[in-house]
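Thanks for coming, everyone. Let me put the structure up and walk you through it.

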Amino acid sequence: MAGKQSSLILCQIASKPSATLAKTDRTQDAAGGGSAGSPSTRHMTPNKLPSFDQFLETRVSKWHWPLLMLMGTFLVLASQLVPREELTKGKLRTKVMAAVGSEAVEQPAAEKQQVPVVQQVVLPEGPPEALDSQLAGCRTLKTDPIPVVDTAASLRVLETHTPEQRQQAENFTAAVAACSDFACLRQANQLPRAPGQFRFPHFFVIGFPKCATTSIYCHLIQHPQVQHPKEKESHLLTGQCTSPGLECSAEAQQHYVVDILNLAEAAQAKMTKAAFEGSTHYVMEADWFAEQLLATMPWLKVVVSLRDPISQAIAMHLHNVGHGRPSNCTVEANETSIYHCIRRSLKDKSRYAPKIQKWMEHFPRDQLHILQASSSRAYENLTKQEAMAAQLQGLKGFLNMDQMLPSSELPLTNYKHQRGNDDTLGRYWTLKRWEIEHLVEIARNSTQDLVQLLGQYNYAGEQAQAEWMQNWEDVWQDNLSRCEEGRSAPCKVVVS
Ligand SMILES: Nc1ncnc2c1ncn2[C@@H]1O[C@H](COP(=O)(O)OS(=O)(=O)O)[C@@H](OP(=O)(O)O)[C@H]1O
C-alpha cells in the first residue's frame, strides 16, 4: 500500500514537467520560436510558461531534486516491504483491467481479492481465422462441406441470466482472463460460475494414437460450445513441464494458458465455450503425467479413445513409415511382413491396460470418459455408421454440452488406410496365418486386462465387458477368415 501511494505521488511530480514541456513546445511552435532547447528560448519571459530546461534550472535544481531523491529512496524501501506475490498479482490484475477495460468488484473467494469485471465484448462475425484454417485442415472423405460454426451461439445463454448470474459470469470470466499460469487458474476455477459457463480449460482429448482422435477433434471444434485451442497437439505439458506439479517456466505457462488454450477468445465468449486441447502423448506418458495433470487442474475432464490393438499397431506402423521413421523390425532382408513390428508394439506401446490404469487410479470416475465403454455394443462403435451417433452423444453429455450439435457424424480424417466397401477390401496387409494367430493371442491377453479394469473401476458392467471383448474378437476372426489353408498360408489383414 505504502509503495503504491508513494509511486502515485512520484508519478504526479514526474508528470508535471513533461506536461509543461509539451505545452511549452506547442506555444513556441505557434509563435514561430526555435526548438525547446535552443538558446533563444532559454530565458523565461513573464507571460510564457517555462520550458522544461527552465523549470529544471529555476525550480527543480533548487529544491525538487533532493525531494525527488528522498521519495525515490522511500519508494525502493517500501517496495521491499510488499510481498513479491502481491506485486505479481497486482501486475496481473492491472494487465487484465487495462486489456478489458474493467472495474473492481467484491468476490466471495476465501482470500478476498478484487476481481475486475469484463465489459461487453462484441464477437467478430463468422468464425475466427484460426478456426477456419483448423476446419480446413480437417480433411474428410465425406463430400459434405464442413459446417459453418455459429461462434456466437454459446453467448445466448447469457441472455437468460438473472442480474446476479450475470455478475457471476462477469466475475468468473474476469478472474480466469487475468491468469497466465497454472496456480492462478486453480484459484480462478474455484469461483462460482453462472449456468452455461465452463471451467478453463474444460477437457482434454488424450489418445490413444491412431484411435480417431483427429476426427474427434474436428467434430468438437465445430461445436458452438467448444473453444478450439490455437495449436493442435502442442505437447507442451509433457514436453516442457516436469514432475512434481507440472513445473515449467513462467514463459511456458503463459504461452500455454494464454496462447495455446486461446484464453482471449474464451474470455470474449465469457467462458460459455469449453476450452480444450489434446495430445496423444498425454495418454502415453500416463506413468507420471496422469497424477500431475490432476494435481495441476483438479477439475479437468479427460477423454480416451481406443481401437482394436492390432489395427492400432498397424496404423501406427504405417504412420511411422510415412514419416520416414526407419522400420527396423523386419528380420530377413527381403521380408515384407510387418509381423515383427506389430508384435513388438502389442507388447509395449499398444498395450492399453497399464496406461489406462494410471488414468483410472488418479482421475475420478466422472472426469474420465472412455469412448465405446458405456455403449451397449462395445468397441469400434465410434466409427461404425450405425452406432457413432450414440457414442458422440455420450461424449458430449459427459462434457455437459448440447449433445445434438454440431451433428451426429464423426468425420473421417487423418486416414492412411484406404477403406473398402461391400465389394472391395480396401488396403490390406499380408500376414501368415500363424502370425495373425500369435498377434491375436497377445492382443486377447492384454484386452482381458483392459476389460477387467473397466469392470474394476466401474466403467463397464459385465455385459459391456463381454461385448467389448467380442467386438475385438470379431475384428480378429474376420481377418483370420481371409486366410488360405495351412499354418503359413497368407491372410489379407485389414484394420478396423
Ligand atoms: N470416422 C472414422 N471412421 C473410421 N476410422 C476413422 C474415422 N476417423 C478417423 N479414423 C481413423 O483413425 C486413424 C487416425 O487416428 P488419429 O487421428 O488418432 O491419429 S493420430 O495419432 O492423431 O495420428 C486413421 O486410421 P488409419 O487410416 O488406419 O491410419 C483414421 O482412418
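Let's start at Phe208, which is found in the loop between strand 3 and helix 8. Keep in mind that this is a predicted model. Pro201 sits in the loop between helix 7 and strand 3. As a general point, most peptide bonds are trans.

UniProt, in an unreviewed entry, gives Lys210 the annotation "active site". Is Lys210 buried or exposed? It is buried, because 23 other C-beta atoms lie within 10 Å, and the cut-off for buried is 20 or more. Setting aside neighbours within four places in sequence, Lys210 is in contact with Arg307, Gln312, Ala315, Met316 and His319.

The unreviewed UniProt entry places a "binding site" feature at Arg307. Where is Arg307 in the fold? Its place is the loop between strand 6, residues 301-304, and helix 14, residues 309-322. Arg307 counts as buried because it has 26 other C-beta atoms within 10 Å.

Now to the ligand. It is surrounded by 20 residues, and the closest are Pro209, Thr213, Thr214, Thr383 and Tyr415. Which helices each supply at least two residues of the shell? Helix 8, residues 213-221, and helix 14 do. By class, the shell has 9 nonpolar, 9 polar and 2 charged residues.

Strand 3, residues 203-207, has 5 of its 5 residues buried, so it is largely enclosed by the rest of the structure. On one side, strand 3 pairs with strand 5, residues 274-278, in the parallel sense over 3 bridges, and Val205 stands opposite Gly278 there. Strand 3 also pairs with strand 6, again in the parallel sense, over 4 bridges. If you want to find that pairing on the screen, look for Phe203, whose bridge partner in strand 6 is Lys301. Strand 6 in turn pairs with strand 7 in the parallel sense over 3 bridges, with Val304 opposite Ile370. In a regular strand, side chains alternate between the two faces of the sheet.

A couple of backbone angles are worth a glance. Glu233 has a positive phi, near 55 degrees, and is not a glycine. Glu233 is found in the loop between strand 4 and helix 9, residues 236-240, and counts as partly exposed because it has 16 C-beta neighbours inside 10 Å. Asn262 also has a positive phi, about 65 degrees, although it is not a glycine. Asn262 lies in the loop between helix 10, residues 250-260, and helix 11, residues 263-268; with 25 C-beta neighbours inside 10 Å, it counts as buried. Most residues other than glycine have a negative phi.

Over to helix 19, residues 462-480, where we find Asp478. Asp478 counts as exposed because it has 12 C-beta neighbours inside 10 Å. Its C-alpha atom is separated by 9.8 Å from that of Lys492, which is 14 residues away along the chain.

Let me step back to the whole chain. Its secondary structure comes to 19 helices and 9 strands, and 36% of its 496 residues are buried. Among contacts between residues at least 6 apart in sequence, 74% join residues at least 24 apart.

Finally, how confident is the prediction? The chain averages a pLDDT of 77, and 68% of the residues score at least 70. Confidence is highest in helix 7, residues 182-188, at a mean of 98, and lowest in strand 1, residues 103-105, at 30. The pLDDT is below 50 over residues 1-53, a stretch with 50 contacts in the model beyond near neighbours in sequence. Over residues 79-124 the pLDDT is also below 50, and that stretch has 57 such contacts. Where pLDDT is low, the predicted coordinates should not be read in detail. The model scores ipTM 0.99 and pTM 0.75.

Terms used. Residues are numbered from 1 along each chain as its sequence is written. This is a predicted model: local features need pLDDT of at least 70, side-chain atom pairs count only at pLDDT 80 or more; totals for chains, interfaces and linings use all residues. UniProt positions are given in the numbering used here, feature names are shortened, and annotations may be inferred rather than shown by experiment. pLDDT is the predictor's confidence in each residue, from 0 to 100. Two residues are in contact if their C-beta atoms, placed from the backbone, lie within 7 Å. A residue is near a molecule or strand if its C-beta atom, placed from the backbone, lies within 6 Å of it. Ala, Val, Leu, Ile, Met, Phe, Trp, Tyr, Cys and Pro count as nonpolar, Asp, Glu, Lys and Arg as charged, and the others, Gly among them, as polar. Two strands pair if DSSP finds at least two bridges between them.
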